[in-house]
Amino acid sequence: MYLDSGVLTAVKILVVGHFGVGKTTCIGSISEIEPLRTEEEITEASVGFDDLSGTPDKTTTTVAMDFGRLTISEEVVLYLFGTPGQERFKEMWEELSRGALGALVLVDPERLSESFPILDLVERFGLTYAIGVNHFEGTTDYPLAEIREALNLSDRTPVISCDVRDQQSSAQALITLVHHLLSLLD
């Protein structure tokens, strides 16, 4: 990524996470354009494929990707691509990860075990990432150090608490990722 004064730099960022963690909500809360969403109703066809036990009220699911845009500064624009969280859509990751500079990995602290396959994919595709711990109403607010340990993360991997429904909180999670990416250029 080159940040020459006055030159607009487009940065592709993935917003990833397991099924029902808030990827679509995150992009929707922060995108400065009307986000592209490819959500469909959850039907009986998902029985045996999608585990709804952690999200019993979920009625839709992303079947291709979400897309949004966020201008960080006069020089940097983030193009946000949300990936589907289900195992059956993981083949789309290869295409979506092409050209991506990094990933914001959203995790639900009540369902951390569902994050391991996502982290494996992020690492497989060589993406630098930050963790956004999405806090849902009525859930325990775990210390970030405990989340880091439970996910077996490097000390260098940023971990930030967020509420993806809130524009400021989602923005801060993405800014944390961008700062991490910039720190690796030094």
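Residues are called buried here when their relative accessible area is under 20%, exposed when it is over 50%, and partly exposed in between, with a 1.4 Å probe and protein chains only. Helices (H or I, at least four residues) and strands (E, at least two) are DSSP runs, numbered from the N terminus. The model is a predicted one, in which local features need pLDDT of at least 70 and side-chain atom pairs count only at pLDDT 80 or more, while totals for chains, interfaces and linings use all residues. Residues are numbered from 1 along each chain as its sequence is written, and side-chain values use heavy atoms, with hydrogens and water left out.

Next comes the sheet. Strands of a sheet pair through backbone hydrogen bonds, either parallel or antiparallel; two strands are taken as paired if DSSP finds at least two bridges between them. In this model, six strands make an open sheet in the order β4-β5-β1-β6-β7-β8, and the pairing is mixed. Because β4 and β8 (159-162) stand at the edges with a single partner strand each, one side of each has no neighbour in the sheet. Direction ignored, neighbouring strands are turned by 25° against each other on average, where axes are lines fitted to C-alpha atoms, for helices over the stretch in contact, and angles run from 0 to 180 degrees between N-to-C directions. Helix α1 packs on this sheet and touches β1 (9-17), β4, β5 and β6, contact being heavy atoms within 4.5 Å; the helix direction makes about 35° with that of β4. Strands β6 and β7 (residues 128-134) run parallel and are joined by six bridges, and Gly 102 stands opposite Thr 128 in β7.

Rings of Phe, Tyr and Trp (its six-membered ring) pair if their centres lie within 6.5 Å, with planes under 30 degrees apart counted as stacked, over 60 as edge-to-face and the rest as tilted. The count comes to two aromatic pairs. Phe 67 and Tyr 79 are stacked, because their ring centres are 6.0 Å apart and their planes at 10°. Since Phe 67 lies in β4 (residues 66-71) and Tyr 79 in β5 (residues 76-82), this pair ties together parts that are 12 residues apart in sequence. Phe 67, Tyr 79 and Phe 81 form one aromatic cluster, and Tyr 79 is partly exposed at 28% relative accessibility.
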